[in-house]
Amino acid sequence: MHPFFRAILINSLLLLVIFQTKAAAQNEQERFDDALQFYQEGRFLNAAHSFSEIDIPEAKLFTGKSFFAAGQYKLSNHYLSEVPSNAPEQVYDDSRYTIALNDFQTGNFGRSLDGLHILKENGTTRNISRSAENFYEETMNYLTIGQRKEAFMQSNIPEVQLELITSSFDWVDRQTAQTLINTLENSLIAMQDSVAVQNLKARASRMRNNPQNNYAPAPEGITYNIGVALPETEDENTLGVSQSMYFGLSLAAEEFNRRNDHQKIALHHANPDADERNPEHVMTNFAWNNNADLIIGPLFSESAYSMTALAEQYQIPLVTPLANSDSLNLDNPYVYQINPTFSQRGRAMARFAVNELGLDSLAIISEKNTPAEEEAHAFRDEATRLGAHFVHIFNKDFEAQGYDVSNITPWFASDTTFVDDPDEFDLKPVDGLFIATGGGGAANLIDLIMTDLEATRSTVTVLGNEEMGYVEMSTRRLQRLDIFYPEIFYTDESREDVTNFKVDYQNLSGMDADRFAFLGYDVASYLFNILEEVQNPARLKDAIKKQPKHSGLTINIDFGNGHVNRGVRIFQLQPEGAIEIE
């Protein structure tokens, strides 16, 4: 080829390469801007997907930041670690800073502190260094003693390990402080005779044994990950319960996020009853992939059984809204039941009978082979513990006997003149009668007993279980007898906050609020308020059971230093309606 034409061809090729490079750069910038738009709109998974298709350091950084914002910390770390060290300083430092945030959110506090320490000491960009310093100090004050120990073992920087010890001295006792100093000396040989350690020993010797118990605020930007285990089934009733409850707790999460500019609640929903997964898999997913700080659900005892053991293994509090089995949380420090068990309801009625009404001589009528039998046993045990005695205890299979109570109710007559066979009944004074019924014939049994009590002019105070509230009572009956019963879910429609909730719920879901919507809101509000107080989810396990009584929109929550809600409301049936006893 003639040199002249060869030169023209080479120049043309060079121009084509330059043109293609500029066009590619322009196209890349447009794609980056589109992805950035997703990021700014809060559509983080869309942003992550778009950024991941662009092969520049800035895009890798924002892919990682997008996955971080979406709560997918492992994917975030994968892309952030691909940002090369020769990237622009701001980009590289930001990637290291976000990795430290990922480590914090996944509980790797030692690694997080090491990364923050390096950035605050040697970061090349002032803004990132200042942010790293702030987050480092906030994390140091935030950690519990258990988290501090794990962070100490994870850290590879002596200065960080030293500060993990020293920053705890404001809220540990003298003996604990001295033990921590010994740990520091045994772990860091170079510090055994250091001035820092000697100063710590002198400080520990002056400490008192009544440390402060104030909770340090959580680092700004923290996300609390809440697992929500609610079933999605073809059963319309169960599905409706799940939907109502989820919208209710979503409202509580929105309120928390509005109140807290620098903290947020993120909800992660999973179906514990799906055919392709069992509840154990759901629990593992919450722990490993969502880094859950707390789990609300499942709804019922059957699914909850499978998750309770893993709650203890992963050390994640599990709060069940509706499960009421007496054996669900035996000896499990991480399981809390919002719905009082049948035994807890029986004990609540016994305390009310003895402590509030002053009843001394008691009797029980209960149905065999029903949950009501558990209530009756608990009522008897608690009332006996409180000093009352029992005159009569009847525990029968009333359905099998055709609901015949003719040989039982005469024992509660006011006088033998009102009894058909007075010689058969040696009447003894009875102050209170606890009627524990269950099953399809409960209303019929209650009505038969109450009719006989009226006929024999009984003056006994009647205490029922929850079934008592569902039975129609005549005005005359309510005027003659004092009748009390427990209620778990009750909503006072006259309250202003109830009205406001209904409006907010309608705006969010497009549906009317039912009792499960109220329950979801109450449970979530209770738990999120505790998070606001203690700041660190590691403190939730103990804080939940120690909280004072919480009066919600539909349920009272009072764990009384235990793991089963004792918040049973007591009502009296009166001619004008059921009246709550304060």
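This is a predicted model: local features need pLDDT of at least 70, side-chain atom pairs count only at pLDDT 80 or more; totals for chains, interfaces and linings use all residues.
Local features need pLDDT of at least 70, side-chain atom pairs count only at pLDDT 80 or more, and totals for chains, interfaces and linings use all residues. Residues are numbered from 1 along each chain as its sequence is written, and side-chain values use heavy atoms, without hydrogens or water.

**Helix packing**

Helix H4 (residues 73-80) packs on helix H5 (residues 89-105) at about 155°, with the axes 10 Å apart. Helices are DSSP runs (H or I, at least four residues), numbered from the N terminus. Axes are lines fitted to C-alpha atoms over the stretch in contact, and angles run from 0 to 180 degrees between N-to-C directions. H4 and H5 are therefore roughly antiparallel (an angle over 145 degrees). The contact (heavy atoms within 4.5 Å) includes Tyr73 and Leu80 of H4 and Ile99 and Asp103 of H5.

**Salt bridges**

The whole structure holds 18 salt bridges. Each is a side-chain nitrogen of Lys or Arg within 4 Å of a carboxyl oxygen of Asp or Glu. Three of them follow.

| Pair | N to O distance |
|---|---|
| Aspartate 94 and lysine 65 | 3.4 Å |
| Aspartate 447 and arginine 477 | 3.2 Å |
| Glutamate 493 and lysine 502 | 2.3 Å |

Aspartate 94 and lysine 65 are both buried (under 20% relative accessible area, 1.4 Å probe, protein chains only; exposed is over 50%, partly exposed in between). Arginine 477 is buried at 6%. Aspartate 447 is partly exposed at 30%. Glutamate 493 is partly exposed at 45%, and lysine 502 is partly exposed at 33%. A salt-bridge network links Asp447, Glu454, Arg476 and Arg477.

Definitions and conventions. Helices (H or I, at least four residues) and strands (E, at least two) are DSSP runs, numbered from the N terminus. Angles under 35 degrees count as roughly parallel, over 145 as roughly antiparallel, 65 to 115 as roughly perpendicular and the rest as oblique.
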